[in-house]
Structure formats: structure tokens, C-alpha cells
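Thanks for coming. Please have the sequence and the model in view while I talk.

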Amino acid sequence: MTTRGLIVVCATPMGGHVGPLTAVGEHLASQGWRVVMITGSRFAHQVTAAGLEHVALSGVADFDEKDPSTFTPHLDRYRGLRLSRYQVEQTFIQPITAQAATLAQVLAENEVSAVLTDGTFAGTLPLISRDPGSRPPVIGLGVMPLAQTSCDVAPTNSGLPHMAGPLGRLRNRLAHRMVRHVLFRATQRLARHRIEESGGRLEGFVLDFSAQCDRFLQLGPAEFEYARRDLAPTTAFAGPVTARRSRPVPQPTWWAEMLADPRPVIHVTQGTLDNHDLTQLVEPALEALADSPVQIVVTTGGAPADELVRIAPENARIAEYLDYEELLPRTSIMVTNGGFGGVMTALRHGVPLVVAPGGEDKPEVAARVGHFRVGINLRTRRPSPQALRDAVDAVLSDTTFADSASAMRDAIATYDPFAVIDTELRHLIQQHPPDPPAHAIPTPDTDAPDTDAPDTEENLP
């Protein structure tokens, strides 16, 4: 097959981001594009197994999400928006210089038709700030709830419930002002510094990254997002992308037994990242449902399962991983800490949820689960067994939740994300023909000392 050109895909090195963007890259490669994917070194095998070329990030940008102490060592010091700010700075702002350097090097060595970027890969902002005629087009891909300032929506990760009407808009405007000018003022200054040392300039609020791309495609349905009268005109909803499975997941020995059991299946998971402490959600769920007439099916997301098996009640079945395409059609409820990808997968199968949100974007996911009545938001990462039992009983007894989840499944089925991506790519490339490599942005000095002392970790309030 003749290569159509080169597409660069950029992904923050976190499984929930790399998975869907790898699937997008694999699709583009199947359409004849040469695809280079910039992400963490830990994902090299996953990327190359999908038929893509891998370029590793370096320095602080090449962090390992499996070991949060290496890039968010003071996580336990923060709560609420202060926690959100700390995570944003450590995970998305500090890596900008190194991310931009890697991207600049790829652009300098290749004629690039377009850049597709994870909506949290802020190292593309220096490129975006250039004149559109002097760079390849940039398409952002959203793999978390849409983060875009709006008078109709509270600040991202604020924990504030959605509120419509004039009072809600007033509350939101005041909250956004507080976030921009007080709580995230140092974050904005740090982002500006990182982008400027990478040869670019910051246009607008850094958390409005989605509104700054040439086109931003939210990899989720519009039906799972709050209505915004001021949605950026460059934003569109493409629907969720199913992440590529790197290898088959073998069925556990108890699989046939589970299928023959008529009791409803309650699937419990803390995902594949925030699974180092199963006392947060998995163990309370086992206690909560031990004497309930259900089957508890737990996945540990790769965490050791031996201890869990030892304490599990009679009606529980444990595995490190399971094939969701086989499990979820049999599942009545998913109990989860609210990862966006996992929730989208559950809703793609019409499975209602009980969510005990952890950190990062999970409170926003949980808020939408509650708002759209596709499940119950427990509003805490450490729910009591009684709260979990009550929530599961409520979802099982009230058909509203299952009906809403089924309606969301039907809505998701109307989307064709790869077709949307292909169309947007074609339109943007026609408007912006590829630049020769010599026009690439300057490679920033990733070893330059950081003299912006007020924005260092030690000086954060």
C-alpha cells in the first residue's frame, strides 16, 4: 500500500490515554498513513505491536503512572481543587518542555501531514501557538470528560454538581474566576513559562487546551456531556474508541460456573492504575455484598489477587484481568472508581454504574454518571460497605438506571469515531498542506535551568 503521508500521534504516558490513541493510530495505519506515536518508553511494545513507529519521551515527561511517587510524591497533602492543581502541574505542565522537544525533533526530521494529540499532551501548545500556515494542522482527541470553560458548567474537577439556569451560570462564572485568578494562577504562570521556553506562547487559559486546537474531537458521546451554549465551534463529539487489546485475556477456571449461575453479576474494579490499595473500593464491596443474592466478579487490574481470594466471600470470583467484551453483556452493574475509559466501556454495553470516584478526572466522570441517571455517584473514593450495598440495591430495584444506561448504549452506537477522524483529517490537510521539515519549531533546551522559583513544587501553597 502506498503511504499517504505521516501522521504524528502524541499521548501522555498513561494507559487510559495511550490505549485509545494507539487504536486511532492503528486505524490510520490501516488506511495507508505512516504513523509515528510519541509517548512514554513503557508503552513501546504496545505501540509497535499495533504497527506504529514509537518515539519515546524523555526526562520528566517519561514518567511511570504505575509509580505515582516518582512524579506526584506529595499527593497525600492535597484535597479538592488543590489536589487537582497539583496533579495538573506535575502530570501535564512540568512535562511540556520535554514533550515539545521530542515533537520538535520529529517535525524537524519529517514532512508531517498532521499532528493528533491527546487532550492533555500540553507539549503541543508551542506548536499550536504558531501561525497555522507555518505548521501542520493539530487535532486534539479527548479521552476524559470535556475540559472547556463555559458559563453553563462548573470548573473541571471542582466537584460542584451541575446546576442549570441563571443561578447556575452565576455560580459558574464566579467559580471560574476563582479558579483562573486565584487557585490556578500559579499553574497558568508555570504553563506560560514552560511554553515560552519551548519557543511558543500561551493563548488563553491552559486548561482550555481543547478550544485551542484546530479541531478537537471528544472521544465520547455528546449525550454524556453537559449542554454548553458557548461550546467552542472547533469541538465535535466523535464517540468512544475501543482501546486495542495487546493480547488475548484467558478465561478463568470459574468462567463456565459463572455463566451457569442465574444470580445477577456485579462487577467490581479499581481499574489498572489506582489499584495499589484495594481497601478503597474492592474490599468494602466484597463485605457489602457478601450475603447479597448476587455474584461479585472482581478484576484487580493486574494487582496481585492472592490475598483477595483468601478473604473473598463464597459468592465472589476474582481475576487480575477479564475480557470485557465477554463479561459486560452478562453484567448487571459495574462498581468502579470512575475511569473514563472503563465507564465508556460499561455504557457501550448498557451497564449501569455505581461510582466511588478516585482522583484525576474521576469526580467529573462520576458527576456525569449521576446527572444522566446511568448510575449512582457515591461522591467519595472510600465508601462504606453500607453505602455500597444501598447503592447496588437501588440500581437493581429501580429500572430508571438500567433504562438510562440502555439509552446511552443506543446513543453511543450511532457514532463512528474513526469515520469522524478520517473526515476531519482530510478537511484540515486540504486546508494546510504539509510543511517541509525545515519549517519545524525550534528544539527547546530541556536542560535549561528553571528560574521561575514561585512556581516550583516547594513553593506551592
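How are H12 and H15 oriented to each other? Before I answer, note that this is a predicted model. Helix H12 covers residues 340-348 and helix H15 covers residues 399-412. Their axes come within 7 Å and cross at roughly 95°. Angles from 65 to 115 degrees count as roughly perpendicular, so H12 and H15 are roughly perpendicular to each other. On the H12 side the contact is made by Met344, Leu347 and Arg348. H15 contributes Ala405, Met408, Arg409 and Ile412. Sorted by class, this contact of H12 with H15 has five nonpolar residues, two charged ones and no polar ones.

Now a second pair of helices. Helix H3, residues 80-93, and helix H7, residues 185-197, have axes that come within 10 Å. The crossing angle here is roughly 5°, which makes H3 roughly parallel to H7. From H3, the residues in contact are Arg85, Val88, Glu89 and Ile93. From H7, they are Ala186, Thr187, Leu190, Ala191 and Arg194. By class, the contact of H3 with H7 has five nonpolar, one polar and three charged residues.

Next, the sheet. It is an open sheet of six strands, in the order S10-S9-S8-S11-S12-S13, with parallel pairing. Which strands are at the edges? They are strand S10, at 316-319, and strand S13, at 375-377, and each pairs on one side only. From one strand to the next, the twist averages 15°. Strand S9, residues 295-299, pairs with S10 in the parallel sense over four bridges. In that pairing, Val297 stands opposite Arg317 in S10.

Helix H13, residues 362-371, packs on the sheet and touches strand S12 (353-355) and S13. The direction of H13 makes about 130° with that of S13. Helix H14, residues 385-397, lies across strand S8 (265-269), strand S11 (331-336), S12 and S13. H14 runs at about 150° to S11.

Last, helix H4, residues 96-109. At 1.5 Å a residue, its 14 residues should span 20 Å, and its end C-alpha atoms are 20 Å apart, which agrees. How many of the 14 residues of H4 are buried? The number is 11, so H4 is largely enclosed by the rest of the structure. Among the buried residues of H4 are Ile96, Thr97, Gln99, Leu103, Val106 and Leu107. Ala98, Ala100, Ala101, Thr102 and Ala104 are buried too.

Note on methods: Residues are numbered from 1 along each chain as its sequence is written. This is a predicted model: local features need pLDDT of at least 70, side-chain atom pairs count only at pLDDT 80 or more; totals for chains, interfaces and linings use all residues. Side-chain values use heavy atoms; hydrogens and water are left out. Axes are lines fitted to C-alpha atoms, for helices over the stretch in contact, and angles run from 0 to 180 degrees between N-to-C directions. Helices (H or I, at least four residues) and strands (E, at least two) are DSSP runs, numbered from the N terminus. Angles under 35 degrees count as roughly parallel, over 145 as roughly antiparallel, 65 to 115 as roughly perpendicular and the rest as oblique. Contact means heavy atoms within 4.5 Å. Ala, Val, Leu, Ile, Met, Phe, Trp, Tyr, Cys and Pro count as nonpolar, Asp, Glu, Lys and Arg as charged, and the others, Gly among them, as polar. Two strands pair if DSSP finds at least two bridges between them. The expected span of a helix is 1.5 Å times one less than its number of residues. Buried means under 20% relative accessible area, exposed over 50%, partly exposed in between (1.4 Å probe, protein chains only).
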